[in-house]
Amino acid sequence: MRERPGILGGDARGTSLVELLDRVVHRGAYVSGDVTICLAGIDLVRLDLRLLLTAVADSAGEVHR
Amino acid sequence: MSDDLDRMARAAVPDVLAAALDRAREQAVVRLADLLTDAIVEQALAGAVPVSGPEEPPPERVHLVPEDDEPPEALYAYGITVADLQLPDDIPALTDGGPLGRVVLDDLALMVSRVRPDELRVDEDDLSESGRLATLARGHDAAVRAAAGSGPVLPLRFGTVVADEAAARRLLREHGASAREQLRRIAGTREWGVKLVRRLDDEPAQVGSRPSERRGVTGTEYLARRRQALERHENAETTAERAADVLQETLRPHVTECLRRGGSPGSSLLLDLAFLVPLEDETAFLAAAAELGDGFEGFGVEVSGPWPPYSFVSLGDGDA
C-alpha cells in the first residue's frame, strides 16, 4: 500500500501532494465568482497537466524499481 | 464582340483578384521588413553611439501610489462552520502563519485570514513539497483539519478569496441554507479514499505492433499473441468491474455515502472511490478495506485518509 492511512487524529503528513491537490484544488465547495474576488493564481489546465506528468513519472519509477 | 469581351473580363476576375492578393501580400511583407529594418538599425545605433556631452539625469520616476503602501488586503476563506464552534487559538494562516479569524453571520461562521492577492500566486510547474503551491495547499488543509477537530467544517475550494468582511457575510447569507444542510450531513464523519489499481508487475509482456518489436516472431505467432493480449485485456475489464462491485458492496455497510471520483477500466487506476465514514465505523471500515487489500488477483487496493469531506461538499449550482 503506497498511501498509508493518516493517523486517526487527522494529520495530512502521510498523504501525497498529488492526492492533496486533487482534493483541495478540484474539490471542496466552490463559491461562484460574484462573491469571490479571485480563485488564487492557479492555471488549472497547467496544473492538471503537471499532475498527470507527475503520475506518469511515478508509475515509470515503480516499473524500474 | 463587346459581349465576348465582357464575358472574358468577368471570367478573368477571380484569377486577377487572386494574383493581386498574392502581390499585395508580397509587398506587405517587403514593407513590413523595411519598417523592421529601420527600427532595428535605430536601436543598434542608439546602443552603439557613445553619448556626448554631460549625461542627462535619469527621468524622475513617477509613482501613482507611494512605494511603501501595502497592496490591498483581502480575506482568504478556508471553510464554513457553525458560529458556536470553538476553534483552537493556534491555527496558523496559510500565508504567514498569522492568526486565523472568523466572520460570523447569524448561526454560521467563515474561517478567514488576511491575505494579499499576490501571495497566492503559484507556479503550477513546481509540485515539489517545498514549493509555494504545496505550502499553501498544506496550509489550507491543515487549517480545515485543525478546526474539524472541534466540529463539522464545510471545506471551501483551495484559493477562495473574498474582498472584505462584508463580502464574507454576503457569502454566508447567499449560501447559508445549503451550508447548514451540509454541515448536518457531514457531522461526525470523515472522508476516506479507496483506489483499485492495476499491479504493474502483473502486466503481461506484450508483442507490440511496431516492426522493431516483432523481430524473430512469425506472422502466425504474432497474431496468436495479439489475440491472447486482447483476451487478457477483456478479462481484465471484467475482473475490474467485478472487483469494483465487491469493493463497494463490502464497504457500503460502514459508510453513509459513497461516490466515484474517477478511474477507468483501461488505465492503471481502475477505480477511485471516496467514502464518507462515521467516526464510530472507521475501525470496521478500515479493517474491511485491509481485508480486501490482497483479494483481487492483479489488482491492489490503496486507502488514503482521513480527509476533510472535500469530495462530498458543494455550494449551489456553480459547483464542478
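Chain A has two helices and one strand, where helices (H or I, at least four residues) and strands (E, at least two) are DSSP runs numbered from the N terminus, and the order of these elements from the N terminus on is α-β-α. Of its 65 residues, 25% count as buried, a residue being buried if 20 or more other C-beta atoms lie within 10 Å of its own, exposed if 12 or fewer, and partly exposed in between, with C-beta atoms placed from the backbone.

Residues are numbered from 1 along each chain as its sequence is written, and chains are lettered from A and ligands numbered from 1 in the order in which they are written.

Chain B has five helices and nine strands, running α-β-β-β-α-β-β-α-β-α-β-β-α-β from the N terminus on, and of its 320 residues 29% count as buried. If we take the contacts in chain B between residues at least 6 apart in sequence, 74% of them join residues at least 24 apart; two residues are in contact here if their C-beta atoms, placed from the backbone, lie within 7 Å.

Now to confidence. The pLDDT, which is the predictor's confidence in each residue from 0 to 100, averages 81 over chain B, with 76% of the residues scoring at least 70. Within chain B, confidence is lowest in helix 1 (residues 2-48), at a mean of 67, and highest in strand 4 (residues 154-155), at 97. Over residues 49-68 of chain B the pLDDT stays under 50, and the model has zero contacts beyond four places in sequence for them. Where pLDDT is low, the predicted coordinates should not be read in detail. For the complex, the predictor gives an ipTM of 0.72 and a pTM of 0.69.

A straight helix of 22 residues would span 32 Å at 1.5 Å a residue, whereas helix 3 (residues 165-186) spans only 26 Å between its end C-alpha atoms; the expected span is 1.5 Å times one less than the number of residues. The helix has a kink of about 70° centred on Gly176(B), the bend at a residue being the angle between axes fitted to the seven residues ending there and the seven starting there. Buried residues of helix 3 include Ala168(B), Leu172(B), His175(B) and Ala179(B). Leaving aside residues up to four places away in sequence, Ala168(B) touches Leu75(B), Ala77(B), Val103(B), Leu110(B), Val112(B) and Val162(B). Just after helix 3, Gly188(B) takes a positive phi of about 75°.

Finally, some local backbone details. Most residues other than glycine have a negative phi, and most peptide bonds are trans. Asp106(B), although not a glycine, has a positive phi of about 55°; this residue lies in the loop between strand 2 (101-105) and strand 3 of chain B, and is exposed, with 11 other C-beta atoms within 10 Å. A cis peptide bond, with omega about 5°, joins Gly305(B) and Pro306(B), and Pro306(B) is found in strand 9 (residues 299-307) of chain B.

Notes
Predicted model: local features only at pLDDT ≥ 70, side-chain atom pairs only at ≥ 80, totals over all residues.
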